[in-house]
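Me: I would like to go through a structure with you. Could you take my questions one at a time?
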Amino acid sequence: MARACLEFEKPFAKFEEQIRQLERDQRSRNVDHSAEIRSIRHSLVAMIRNTYDALTPWEIVQVARHPDRPQTADYVAAFVKDFKELHGDRLFRDDQAVICGFGRIGGEKVAIVGHQKGRDTREKVACFFGCAHPEGYRKALRVMRLAEKFGLPVVTFIDTQGAYPGIGAEERGIADSIAVNLREMALLKVPIVGTVIGEGASGGYLGIGIADRLLMLQYAYCSVITPEGCAAILWRTAEKAPDAAEALHLTAAHLEACGVVDEIVPEPLGAAHRSPREMATTLERRIGRRLRELKRIPTDELLQQRYQKLRCVGVVVEADKH
Amino acid sequence: MAINGRTKKKDIPEGLWLRCPGCEEMVFRKRVEENLHVCPECAYHFRVGARQRVAMLVDTDSFEEYLPNLMSPDPLGFGDRKSYIERLADAQRQTNLYDAAVVGRAYIRGRPVVLGAMDANFIMGSMGSVVGEKITAAIERATELGLPLVICCASGGARMMEGILSLAQMAKTSAALARFDQAGGLYIAVMTHPTTAGVLASFGSLGDIILAEPGAMIGFTGPRVIRQTMKQDLPEGFQTAEFMFEHGFVDRIVARRDLRSEIASLVDYCD
């Protein structure tokens, strides 16, 4: 299957094509190009590594949005056993921009909550491109309460550009649905392990984004607003998105430095979309480790730690008194 | 993210007379000011700053401010067309505040409360670390003292110039409210013009009782963004206090002159 290709990935494709040609030639003419193939592969790996080491924040945003990047449903399919999806907010409808359900990760029973963007056009439309309505947040809360009732840890996957910007979302209280989740997740009596798998932007991210341990994939981004949104307001043109991406400090390293993210999960060579299976294996292991870690903490202490973690984020100073 | 669209309400301009954006009439400035910054002709509610808001709500000299000198050190070194440092300095000069919120302890018609007020003239009343810290501190003090909490919201949302730190203030304030709620505290949220985005999607919407001033703009996503996404015109009166009331997200729309007595009598029901 042809892979969608970002601008800075194009040179990789050239090398890959060369390798394919040599392999074809090898087969059809029964000659040995293995030394040459090995050498090109070597160069390719070096090139990918160098490229990815030097990505700008705006390029990282592109990787986080890569059309082939694994989504919540892919991770669920890859490592959540016996997944039982649960639907609907019991109030209005089932919002497919948020996937919820029960499942097992490494033998551990958990509740899953994650944004889902959709892969093809039909799916994307059904999922509103991962932009949830109030129903999505209310479904998430319903399932998290179920998790609390039955003592299941909650595992979340974050991947959204923000809540759905529409009339219906406003009429049905999108802000209320997010605010209530923030309040309720702060006191949820079971461990929460979250992972930003792609985009974590705006209140739409935060609405399922409270966690005792927040992981972030290496090339995911996290921001108060999408770079385009920020550029449109502050620079008065969305074309300044690359500048906004730089200014917003939205990369995993920044997020870890300011205490919002607890752990950066390394991605395979050339990012998650090049080796989704490897990515899933790594993530499963990391989530499993965090679940085991949190299980040992008594609930009171867990909630105390969660509060302190949320409480201490922010930078203020005392003005010089004149 | 701060919404900066459709703001018809402006500061009261200098001069003896001013044109009311509500009725388009020229009104005597002093009469508007004496009338709690409400148009005497059409009851249009002009925007008021945080200090004015506190002054018009509390019993004389009863306000005891918390954390008055907190300010932002510009943690990201943010700059767009203008640096954040400059924006802060300008806003500080214009409003005589260090940031967009004032919090403290006060009496309202003899009832002790913890009160917060936001200032929409300070970088759109946006919430960064300072606003988040002050609101959280106010909630925590109200929890400790067992006092009712009143917050008058006026905000374009999370402050972009502090990036993720601003978004995190939504979680921080809401977590503090969760504990306040658990402790049985009464929280009255007052939505004034404008109450939007990240503030609406956190402490703005979490009031046990939610009051709103007439005509205030209240919404999550900016109307311009919705219009572009939906490719359609927005309904008349969309994202106003009245719209939110009609859809069940506001308990009562309260004229500014009645706010003090409304709060006092609600406090009496819930103490």
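Me: How many residues of domain 1 of chain A are in contact with domain 2 of chain A?
Reply: Eight residues of domain 1 of chain A are in contact with eight residues of domain 2 of chain A, where contact means heavy atoms within 4.5 Å. Please note that this is a predicted model, in which local features need pLDDT of at least 70, side-chain atom pairs count only at pLDDT 80 or more, and totals for chains, interfaces and linings use all residues. Residues are numbered from 1 along each chain as its sequence is written, chains are lettered from A and ligands numbered from 1 in the order in which they are written, and side-chain values use heavy atoms, with hydrogens and water left out.

Me: Where are the two domains of chain A?
Reply: Domain 1 covers 7-54 and domain 2 covers 61-311; such bounds come from an automatic or database domain assignment. Taken over C-alpha atoms, their centres are 36 Å apart.

Me: What area is buried between domain 1 and domain 2 of chain A?
Reply: The value is about 680 Å², with carbon and sulfur atoms giving 61%. Buried area is the accessible area (1.4 Å probe) that two parts lose on being put together, summed over both. In domain 1 of chain A, the residues that lose the most area to domain 2 are E9(A), I48(A) and Y52(A), together 65% of what that side buries.

Me: How many salt bridges are counted between these domains?
Reply: The count is one salt bridge, defined as a side-chain nitrogen of Lys or Arg within 4 Å of a carboxyl oxygen of Asp or Glu. E16(A) also forms a salt bridge with R274(A), and their closest N and O atoms are 2.5 Å apart.

Me: Changing topic: how many residues does each chain give to the contact of chain B and chain A?
Reply: Chain B gives 62 residues and chain A gives 55 residues. Between the chains about 5,100 Å² is buried, 70% of it from carbon and sulfur atoms. In chain B, M160(B), I164(B) and R179(B) lose the most area to chain A, together 13% of what that side buries.

Me: And which residue forms a salt bridge with E133(B)?
Reply: R311(A) does, with the closest N and O atoms 3.0 Å apart. Across the interface of chain B and chain A, the rule finds two salt bridges.
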